[in-house]
Amino acid sequence: MSGWNWLSLAADAVLLIHFAFVAFVTLGLAAIWIGWLRRWRFVRDLRFRVAHLACMGLVLLESVFGVVCPLTNWEKGLRAAAGQESYQETFMQPWIHKALFFEVPPPLFTAIYALFFTAIALSWFVVKPERKSG
């Protein structure tokens, strides 16, 4: 069965979750530095900072060990179960896939992820996280 069914909708939902995860990791670092300059309190929130660092750490570990992101596998499985060819397009897929999947040699991705993880970790020394009191 192809077309729109609950499996294709679930695959689209997984794609959006994947996009949100990537946005959280990439925009989170920018938010930390902009927030530091603008004195936004949330950028010092320890829970936000731990979650942000952990998410990037997960991406780096997947890359180092050659693990395909589970969200990618889940989406592809849902699309196959829905009878769709891999990445058959809906109205949102072309843009999201262009933003998330592009051709770069895997070692370069790993190096980029390592540099980004390092930048996030180093930001802890300038924009120090704080525990919320009370």
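Visitor: Within what distance do the axes of helix H1 and helix H5 come, and at roughly what angle do they cross?

Guide: The model is predicted, with local features needing pLDDT of at least 70 and side-chain atom pairs pLDDT 80 or more, while totals for chains, interfaces and linings use all residues. Residues are numbered from 1 along each chain as its sequence is written, and side-chain values use heavy atoms, without hydrogens and water.

The axes of H1 (residues 6-38) and H5 (residues 106-126) come within 11 Å and cross at roughly 25 degrees. Helices here are DSSP runs of H or I, at least four residues, numbered from the N terminus; axes are lines fitted to C-alpha atoms over the stretch in contact, with angles from 0 to 180 degrees between N-to-C directions. H1 is therefore roughly parallel to H5, a term for angles under 35 degrees, whereas those over 145 count as roughly antiparallel. Their crossing is left-handed, meaning that the near helix is turned anticlockwise from the far one by less than a right angle. In H1 the contact (heavy atoms within 4.5 Å) includes Trp 33 and Trp 36, and in H5 it includes Phe 116 and Ile 120. By class it has 9 nonpolar, 2 polar and no charged residues; Ala, Val, Leu, Ile, Met, Phe, Trp, Tyr, Cys and Pro count as nonpolar, Asp, Glu, Lys and Arg as charged, and the others, Gly among them, as polar.

H5 also meets H2 (residues 46-64), the axes coming within 9 Å and crossing at roughly 160 degrees. H2 is thus roughly antiparallel to H5, and this crossing is left-handed. Among the residues that meet are Arg 49, Met 56 and Gly 57 of H2, and Phe 116, Ile 120 and Trp 124 of H5. The contact of H2 with H5 divides into 16 nonpolar, 5 polar and 1 charged.

How values were computed
Helix = DSSP H or I, 4+ residues; strand = E, 2+ residues; numbered from the N terminus. Parallel < 35°, antiparallel > 145°, perpendicular 65-115°, else oblique.
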